[in-house]
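Please walk me through this structure. I have not seen it before and would like a plain account of some of its features.

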Amino acid sequence: MFRLQSRNLLRSVITRTAIRQPIKSQITKNFTNFYSTTDKNTQKKDETKKPESVLNDDMLARAGFEDLDPKANKAEEDAEVEKEIQQEKSARRRKRAQTSKDRQRERYANIFYLATLLGGIAGVGYMCRDWDNIKEQEDLDAKDIGDGYSPELMYKRLSKRLGSLFTFFSEPAFENLLPPPAPEQYRRPLTLVLTLDDLLIHSSWDTNHGWRTAKRPGLDYFLGYLSQYYEIVLFATNSQIYSEKTASKLDPYHAYISYHLFREACRYKDGKLIKDLSLLNRDLGKVVMIDVDQDSASLQPENSIIVKKWAGKPDDYLISLIPFLEYLATQPIKDVRPILNSFQNKSNIVEEFTIREKKLRDQWSKDRKGAGNAPNAGNFIAKLLGMPVSEPKMPLDIIREHGQLQYEHFQKYLQENASKFLEEEQKLKEEFGKVTLNKLITEGAPKPEDIVKVQQQRAQEEIEKQQK
Amino acid sequence: MSADHTRDPCPIVILNDFGGAFAMGAIGGCVWHGIKGFRNSPYGERGYGALSAIKQRAPRVGGNLGVWGGLFSIFDCSVKAIRKREDAWNAVIAGFFTGGALAIRGGWKHTRNSAITCACLLGVFEGVGMMMQRLQAQPTMAPVYPEEPQALAA
């Protein structure tokens, strides 16, 4: 590289110094033999005699620059010659730009493109084929698209099959998101599906603190109180790896939230993340969903209450939701959907329910007054004896009192046994957390089924111990 | 808000990505050019050869990778802001533009090919990542219910 550069440099020096002066004499003397290439030697001699340059051919040769292009020396003699040389040079450059290797590479590239194109066409053609069997047709939900090779049918089959390639990623990971309902004695009347972000918690970022996550005021009470009426399912919009830790922190004893679901359980369609409640493995008449995004409820809007996103400011919205949800769970109803949809604006459900409740209370006290006029022997005797007559309570209040009592009871139980719960969890973690690489490769990660089996065994042992 | 709390939100993450990619490239370049410099030096000069090769070339590898990472992050953020969606296509589109932008001095043909290649590569990455995530996702299991219901479990 360096050598070539220096040669070019030298050449330019030579052409500048050596050529300018001798031209005139050369023209007169050697004009005839200029074009004859045979007479190189004499010409060179002529040149070497006259130039002032110190760098003659001899010296250059000694220095290792042997093949100086003689043409370069003569180039300025004639414009045409120069042009010719330049043309030749550019042609050479063009040739040099495309070596045989380049040409080979280009050929391979062309072959590759052609193969891709042909492969693509073949693939599309293959996807246009008739249905393989009825099952495929049913799986792709294409009963109205028959066999046959009309362009329309072919296109429809193609689009169905092409779409099914992508549904692997957009469909929920599991067919049934939840295990079957709990045994009768453990069953709560309804299932409550809550989203995580911007309903129960809010995350914000700033330059001073980075990411911070806030719990919504009243969250613990909300979960703790409603867990006696509802099977609470946390259905987060974010992926499991991002939300799992937050979710388990909300409920460290696993006492309130029955199940956690994450983005993997969502259906992704047209840029919308949809939480399909029909996959929950529960009676849809007994499912209430509270979410902050209209899109996630787009499959079952009648089951859902869409509320405003929580922006992280203190409020008591979760607490104010409790009366309605409690009422809903304690009424003997087969289907929650008609009740939910009897509210005009479901995002405003708290206010609407407060008005209704007030009406209900007024009605009740009116009825009470009517009933109070009827003779009541017990009250009458109590009055006679001078005992205070307790005002009968509104059923809603009774429910409320009962719920509160039970909530406090459960809290006490939790507090007493908190250390035991945590210890047990730690034990399980130790047993299944120690996953060596060898074990991971040979046996795979510990399956949830195994963990549950061990848990079952433990519970059995515990019961036996108690019986003794 | 963004899902991943290990990363900063969008405009700032570009800086992080640039630095991260630079560090990655610099460390990788150290290993690569250290070995190369070591092997290509005469006996007796091998340590010095490795060191000088690292000094000369590792920062350049880091810089190249850093530019790639920073550019990718810029495009990723822009695509997110325009589409207002968060899915795998963001990375594919951002990869397409990154590949194209880096190859734009090589002419239209080169730009096009490199953009498509880069997009395909990132598509494969994203696909594999999503597949892994799905395979790792575990079905929710029912808790253990003792035969006798506890008094307080109601």
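How much of residues 108-127 of chain A is helix, and how far apart are the end C-alpha atoms? The chain there is 100% helix and 0% strand, and the end C-alpha atoms lie 28 Å apart. Helices are DSSP runs of H or I with at least four residues, strands are runs of E with at least two, and both are numbered from the N terminus.

This is a predicted model, in which local features need pLDDT of at least 70 and side-chain atom pairs count only at pLDDT 80 or more, while totals for chains, interfaces and linings use all residues. Residues are numbered from 1 along each chain as its sequence is written, chains are lettered from A and ligands numbered from 1 in the order in which they are written, and side-chain values use heavy atoms, without hydrogens and water.

UniProt, in an unreviewed entry, annotates residues 108-127 of chain A as "transmembrane region". In chain B, residues 88-108 carry that annotation, also from an unreviewed entry; this stretch is 76% helix and 0% strand, with its end C-alpha atoms 27 Å apart. Such annotations may be inferred rather than shown by experiment.

Chain B also has a nonpolar surface patch of Leu121(B), Val124(B), Phe125(B), Val128(B) and Met132(B), with about 490 Å² of accessible area together. Patch residues have over 30% relative accessible area and no salt bridge; nonpolar side chains are joined within 5 Å and like charges within 9 Å. A salt bridge is a side-chain nitrogen of Lys or Arg within 4 Å of a carboxyl oxygen of Asp or Glu. Areas come from the Shrake-Rupley method with a 1.4 Å probe. Phe125(B) sits in helix H4 (residues 108-136) of chain B.
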